[in-house]
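Have the model open as you read.

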Amino acid sequence: MTLCIIDGKEIKMPNVENVTTGKPKVGGAVYRAPVGTTLPTDATTALNEAFKELGYVSEDGLVNSNSPESDDVKSWGGDVVLNMQTDKPDKMKFTLIEVLNTEVLKAVYGDDNVEGDLDKGITVKANAKDQEEASWVFEMILRGKVLKRIVIPRAKVTEVGDISYKDDDAVGYETTISCTPDKDANTHYEYMKKGA
């Protein structure tokens with residue numbers, strides 16, 4: 001931390017060491033497990049075996065939309081006299097590109113809609129059945145070997161983008177999951193710790 005003394009007071013100064021990128025953790029960055037699976041409460045504890053790794057994500061990485069929405073209440077005459085928060089959706093968007101991975105197919109189409117494996121043959125059923133909620137974990141490495149883990153207790157797939165099959169790009173599932181509050185009214189947790 002950089003400090004500066006101005007008029008006898010210590011002032012924190014901007015620090016370039018706090019600026020970072022988010023790279024996927026080597027060995028896996030996106031995991032999914034049934035709701036109720038024991039969740040990690042820090043950045044480094046090993047994940048429960050129920051979490052299944054979903055492989056590569058496209059170069060667009062992970063996008064978190066978590067902005068409050070609000071309405072203004074106006075008085076007669078047009079002055080804004082009250083601002084009310086009406087919603088605060090928490091969504092994660094990413095593109096899964098291991099389309100031959102059965103865990104990816106289950107995440108996109110639903111666990112009950114995917115059967116088999118590549119050796120024996122895979123069957124995927126596309127239908128209008130409501131997706132089950134799952135627990136999700138995203139792991140990344142920030143600048144200075146800082147480990148970051150985003151833990152989502154409950155979320156389900158609420159949108160899948162158009163799937164393109166062409167010879168000059170990887171097939172991928174552009175996936176959006178919508179988080180719902182846990183028993184403590186939190187939609188996700190973020191943990192960071194300096195790594196070895």
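Of the 196 residues in the chain, 31% are buried, where buried means under 20% relative accessible area, exposed means over 50%, and partly exposed is in between (1.4 Å probe, protein chains only). Keep in mind that this is a predicted model: local features need pLDDT of at least 70, side-chain atom pairs count only at pLDDT 80 or more, and totals for chains, interfaces and linings use all residues. Residues are numbered from 1 along each chain as its sequence is written, and side-chain values use heavy atoms, with hydrogens and water left out.

The secondary structure comes to one helix and 15 strands; these are DSSP runs numbered from the N terminus, with helices being H or I of at least four residues and strands E of at least two. Among contacts (heavy atoms within 4.5 Å) with a separation of 6 or more, 57% join residues 24 or more positions apart.

Now for the inside. A nonpolar core here is a set of buried Ala, Val, Leu, Ile, Met, Phe, Trp, Tyr and Cys residues joined through side-chain atoms within 4.5 Å. The largest one has 26 residues, and Leu54, Met92, Phe94, Trp136, Phe138, Ile152 and Ile177 have the most contacts inside it. Two or more residues each come from β9 (91-96), α1 (102-109), β12 (134-142), β13 (146-160) and β14 (173-179). Look at Leu54: leaving out residues up to four places away in sequence, its partners include Val30, Leu96, Val104, Ala107 and Trp136, along with Arg32 and Glu103. There's also a second, separate core of eight residues, with Tyr31, Val137, Leu147 and Tyr191 among them.

What about the largest pocket? Its space is about 410 Å³, and 20 residues line it, with Ser58, Asp60, Thr95, Asp169 and Ala170 nearest its centre. Both β9 and β14 give two or more residues to this lining, and β9 has the largest share, three residues. By type, the lining splits into eight nonpolar, five polar and seven charged residues.

Finally, the backbone. Most residues other than glycine have a negative phi. Lys145, in the loop between β12 and β13, has a positive phi near 60°, and its relative accessible area of 54% makes it exposed. Ala185 sits in the loop between β14 and β15 (189-194); its phi is also positive, near 70°, and Ala185 is exposed at 59% relative accessibility.

Notes:
1 Å grid on protein atoms, 1.4 Å probe; cavity = no way out; pocket = protein on both sides within 12 Å on 5 of 7 lines; lining within 4 Å. Points joined across faces, edges and corners; volume = space filled by probe spheres on them. Nonpolar A, V, L, I, M, F, W, Y, C, P; charged D, E, K, R; others polar.
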